[in-house]
Amino acid sequence: MAASAGPEIERLIALLSKLPGLGPRSGRRAALALLKKRDTLLAPLTAALVDAQAKVRTCSVCGSLDTSDPCAVCADGSRDPRLICVVEEVGSLWAMERGQSFKGRYHVLGGLLSALDGIGPEALRVNELLDRARGGEIQEVILALPATVDGQTTAHYLADRLAPTGVSVTMLARGVPVGGDLDWLDDGTIAQALRARRPA
């Protein structure tokens, strides 16, 4: 911490340093920027944080975060209720929504299965997904999980659990990105692209 900073500043730096992507050095820079612009940055940020803490809640249907329950996506009657896209966390849902190409609904698992971290199915929103799949309205579950060992383990586990429901289970395609140069891709991405090839 800063040697000449008071306890209030040190506490601010320590809290900012806990945010993803920020360490002690970035936390100090962020704290300094906030303190230099108290009226235009710190005060509005403080109000936004208090407002978010009071109003944001978890959607009881999909597990997303919103100020209403059900969330705006679940309450949107124009979205296709037959399609459910399963994502790891809310950030992945936001990423899918940025693309504006998916018009179904979502299910946020709240993490991935991980034997090393002691995260089993009971720690995730698996039962809620199965209940939704058994409801009779859903026709397809799209697994949009990371291409990691834990992501693939979770995807296979969910596919097995969803099989008795009769719902179609698919996964996002993986492979060469648009504008990608083969020379810059790793071996796993190239191998996956070859396995997922389709007619030209």
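**Strands, cores and charged pairs**

Student: Which residue of β6 stands opposite Val141?

Tutor: This is a predicted model, in which local features need pLDDT of at least 70 and side-chain atom pairs count only at pLDDT 80 or more, whereas totals for chains, interfaces and linings use all residues. Residues are numbered from 1 along each chain as its sequence is written, and side-chain values use heavy atoms, with hydrogens and water left out. Helices (H or I, at least four residues) and strands (E, at least two) are DSSP runs numbered from the N terminus, and β6 covers residues 168–171. Within β6, the residue opposite Val141 is Val169.

Student: How many bridges join β5 to β6, and in what sense do these strands run?

Tutor: Two strands pair if DSSP finds at least two bridges between them. On its other pairing, β5 (residues 140–143) meets β3 (residues 83–87) in the parallel sense over four bridges, with Leu143 of β5 as the bridge partner of Val86. As for β5 and β6, their sense is parallel and the number of bridges is four.

Student: Which residues have the most contacts inside the largest nonpolar core?

Tutor: A nonpolar core is a set of buried Ala, Val, Leu, Ile, Met, Phe, Trp, Tyr and Cys residues joined through side-chain atoms within 4.5 Å, where buried means under 20% relative accessible area, exposed over 50%, and partly exposed in between (1.4 Å probe, protein chains only). The largest core has 18 residues, and those with the most contacts inside it are Val86, Val141, Leu145, Leu158 and Leu162.

Student: Which helix supplies the largest share of this core?

Tutor: In soluble globular proteins, nonpolar side chains tend to be buried together. In the 18-residue core, β3, α6 (126–134), β5 and α7 each supply at least two residues. The largest share is four residues, and the helix that supplies them is α6.

Student: How far apart are the closest N and O atoms of Asp51 and Lys55?

Tutor: A salt bridge is a side-chain nitrogen of Lys or Arg within 4 Å of a carboxyl oxygen of Asp or Glu, and the structure holds four of them. Asp51 and Lys55 are four residues apart in α3 (residues 38–55), so about one helical turn separates them. Asp51 is partly exposed, with a relative accessible area of 37%, and Lys55 is also partly exposed, at 45%. In the salt bridge between Asp51 and Lys55, the closest N and O atoms are apart by 3.2 Å.
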